[in-house]
Amino acid sequence: MIAPDRDLKTPVFCALDTKDLSRATGLAAKLADTIGGFKLGLEFFSSQGPKGVKQIQKASDVPIFLDLKLNDIPNTVASAVRAVAPLGIYMLTVHINGGRAMMEAAAAAAADAAYEAVKARPLIVGVTVLTSFDDDDLAEVGVSNTLVDQVRRMAELAKRSGLDGVVCSPREVAMLRSDLGDGFKLVTPGVRPEWASVDDQKRFMTPLEAVSAGSDYLVIGRPITAAKDPPSAAARIVAEITPVELSTDDV
Ligand code: C5P
């Protein structure tokens, strides 16, 4: 199995949440030297499709995290994974509540399709419980677990089903790292630098707090894309999480 072979410059994925291709490619070109990758979600993919992904790759040559949150019968999800893997994406999301067979099919399809297209295999990461859910929403869909217990249960199922990691809130990172060990990827949105607007994020952490807790990849959108100067905002975030290297004069 070919694993993703591209080392990221930095674990920051900038979310390009827009339908507008020229805005997305413009931001991609401006940010390419600073950030680790771009996250393209349902809004972008529903309007621009695989061609739009290729345009972003052309504008930036930076790894792409395709956040499609796939959830369907195993055969359909596997076909969707096979359709997007040849794009040469770095990471792709599926919903863990699609179940074990669906996740196993997604992981196998990612490996096969990438192998056939001679591309690196995308990491397949699972969505545990949407952060828009609370305990009452869970009860309404018939889940009697508390939210935290459900997140743990789903993350553990994702690991057993062959996924590479999960998307979770930064506040769940320390717990999941201790449950699931090193090597299982933890991807965290809900990250806000101290100097940025909180927007609609409720349970957030700063980039440094999230990385210190054990997050592998940070997904950050508006603090970068809505800043007056997106490359400076991105550079400031990257600097905040980059360990300061002591020069020999300091030792
Ligand atoms: O602009 P902001 O930094 O809030 O963007 C965060 C990105 O992560 C958005 O694309 C949002 O949809 C996504 N996301 C999130 N919370 C989750 C899962 C995904 O904010 N639990």
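In the predicted model, the side chain of K39 places an N or O atom 2.8 Å from an oxygen atom of the ligand. A separation of 2.8 Å is likewise found between a ligand oxygen atom and an N or O atom in the side chain of R192.

Beyond K39, R192 and G221, the residues surrounding the ligand are A15, D17, T131, P189, Q201, V219, I220, R222 and P223.

The largest pocket of the model was examined next. The space within this pocket amounts to about 1100 Å³, and its lining comprises 38 residues. Nearest the pocket centre are T131, S132, P189, G190 and Q201; T131, P189 and Q201 are also listed among the residues around the ligand. Two or more lining residues are contributed by each of the strands β2 (37-41), β3 (64-70) and β8 (217-220), and by each of the helices α2 (42-60), α6 (147-160), α7 (170-180) and α9 (222-225). Of these elements, β3 gives the most, with 3 residues. By residue class, the lining consists of 18 nonpolar, 12 charged and 8 polar residues.

When residues up to four places away in sequence are left out, A105 touches P74 and A78. A78 and A105 are 27 residues apart along the chain, yet their C-alpha atoms are separated by 5.5 Å.

Terms used: Residues are numbered from 1 along each chain as its sequence is written. This is a predicted model: local features need pLDDT of at least 70, side-chain atom pairs count only at pLDDT 80 or more; totals for chains, interfaces and linings use all residues. Side-chain values use heavy atoms; hydrogens and water are left out. On a 1 Å grid over the protein atoms alone, a cavity is a set of points where a 1.4 Å probe fits but cannot get out, and a pocket is an open set with protein on both sides within 12 Å along at least five of seven lines; lining residues have an atom within 4 Å of a point. Grid points are joined across faces, edges and corners, and a volume is the space filled by probe spheres set on the points. Helices (H or I, at least four residues) and strands (E, at least two) are DSSP runs, numbered from the N terminus. Ala, Val, Leu, Ile, Met, Phe, Trp, Tyr, Cys and Pro count as nonpolar, Asp, Glu, Lys and Arg as charged, and the others, Gly among them, as polar. Contact means heavy atoms within 4.5 Å. A residue is near a molecule or strand if one of its heavy atoms lies within 4 Å of it. A polar contact is a pair of N or O atoms within 3.5 Å; within protein, one must be able to donate a hydrogen and the other to accept it, and residues adjacent in sequence count only if both atoms are side-chain atoms.
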